[in-house]
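Hi everyone, thanks for making time. Please bring the structure up on your screens, and we'll walk through it together.

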Amino acid sequence: MLFDTSLLLAAAFFAGALNAVAGGGSFLTLPALMLTGVPAISANATGTLALLPGYLAGAWGFRHDIRPPPGLTARTLIAASLVGGATGATLLLLTSESAFRRVVPWLLLLATLAFALGPRWMEKRSSAVPHPALALLGVFGVTAYGGYFNGGVGILLLALWGLLGQNHLHAMNGLKNQVSALLTAIASGLYILGGLIAWREAMLMMGAALLGGYVGARLSKRLPTLWLRRGIVMTGLTMSVAFFAR
C-alpha cells in the first residue's frame with residue numbers, strides 16, 4: 001500500500017511538472033495507475049481527472065493572453081471542445097476493457113510520435129488561414145481524441161494552433177490549457193457518471209499534480225527544453241514497448 005501510494009504521488013507530481021513545461025504527463029499517470037492494479041479504462045479516466053487542476057491553473061495563468069486562432073471565435077471553439085471531449089469520453093465508455101488494453105500501446109505510440117514531430121509540424125505551417133469548417137473539424141478531432149485518451153493531447157493542440165495560423169506562443173499555450181481543461185472537464189463528468197473513476201487514487205493524484213504543475217512552471221525557464229523533450233519521447237517509447245510486450 002505504501003509503495004502504491006508513493007508511486008501514484010510521484011507519477012502525478014512529475015506528470016503535473018511535465019505538463020507545465022512541455023506536456024506528456026499521461027505517459028506517467030496511466031502506467032502508474034495500471035501498475036497499482038487499476039483496470040486500464042479506469043486508469044485512463046482517473047489519470048485524466050487527476051490532471052484537470054493543472055489544466056485549469058495553466059489556463060488561468062495565461063488568461064490575458066488567450067486568443068482563438070484565425071477563423072474561429074471563442075464561442076465556437078468552446079462548443080467544439082466540449083462536443084469533442086464528450087464524444088471521446090462516450091466512445092471510451094462504450095469500449096470494453098480487453099479492447100482498450102489492446103489499443104493502449106498504439107495510442108501511447110501515436111502520442112509519442114506526435115510529441116516528437118510536433119515542432120516540425122509547427123515549423124511547416126502555412127500562412128494561409130484554413131476554412132472555418134476545416135478548423136472546427138480539426139478542433140473536434142483532437143478534442144475527441146483527448147476525451148478518449150488524454151496522452152499527447154497538448155502537443156496535438158499546439159500543432160493544430162500552428163496549422164491554423166496562430167503564432168503567439170503565450171496565446172498558443174494558454175489556448176492549449178483552456179481547451180484541455182474544457183475537454184477534460186466534460187469527459188471527466190461522463191467518466192464519473194459511468195463509474196470509471198478510482199476515487200482514492202484520483203484524490204491522491206490531483207493534489208500532487210497541482211503541486212507538480214506549480215513547481216514545473218517555476219523551473220521551466222531553467223531547464224533545457226531539448227533535454228526534456230528527449231526524456232519525454234524516451235519515456236513514451238519505453239512505455240509503448242512495455243505495453244506491447246504485455
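Let me start with a side chain: Arg 200 has a relative accessibility of 38%, which makes it partly exposed. On the scale used here, under 20% relative accessible area is buried, over 50% is exposed, and partly exposed lies in between, with a 1.4 Å probe and protein chains only. Its partner in a salt bridge is Glu 201, with the closest N and O atoms 4.0 Å apart. Glu 201, at 15% relative accessibility, counts as buried.

Before going on, a word on what we are looking at. This is a predicted model, so local features need pLDDT of at least 70 and side-chain atom pairs count only at pLDDT 80 or more, while totals for chains, interfaces and linings use all residues. Residues are numbered from 1 along each chain as its sequence is written, and side-chain values use heavy atoms, leaving out hydrogens and water.

How confident is the predictor? pLDDT is its confidence in each residue, from 0 to 100. The chain has a mean pLDDT of 83, and 87% of its residues reach 70 or more.

Now the overall picture. The chain has 11 helices and 0 strands; both are DSSP runs numbered from the N terminus, helices being H or I with at least four residues and strands E with at least two. Of the 246 residues, 49% count as buried. Contacts here mean heavy atoms within 4.5 Å. Among contacts between residues at least 6 apart in sequence, 83% join residues at least 24 apart. Gly 54 sits in helix H4 (residues 52-61) and is partly exposed, at 28% relative accessible area.

Back to salt bridges: how many does a search of the whole structure find? There are 2, where a salt bridge is a side-chain nitrogen of Lys or Arg within 4 Å of a carboxyl oxygen of Asp or Glu. Besides the pair I opened with, Arg 101 forms a salt bridge with Glu 97, with the closest N and O atoms 3.4 Å apart. These two are 4 residues apart in helix H6 (residues 97-123), so about one helical turn separates them. An α-helix has 3.6 residues a turn, so residues three or four places apart point the same way. Arg 101 is partly exposed at 35%, and Glu 97 is partly exposed too, at 27%.

Finally, the surface. Val 83, Leu 134, Leu 137 and Phe 140 form a nonpolar patch with about 380 Å² of accessible area together. Patches take residues with over 30% relative accessible area and no salt bridge, joining like charges within 9 Å and nonpolar side chains (Val, Leu, Ile, Met, Phe, Trp, Tyr) within 5 Å; areas come from the Shrake-Rupley method with a 1.4 Å probe, and for residues only the protein chains shown count as cover. Which helix gives the most to this patch? Helix H7 (residues 132-148), with 3 residues. Leu 137 lies in H7 and counts as exposed, at 56%. The buried residues of H7 include Ala 135, Val 139 and Val 142.

Conventions: pLDDT is the predictor's confidence in each residue, from 0 to 100.
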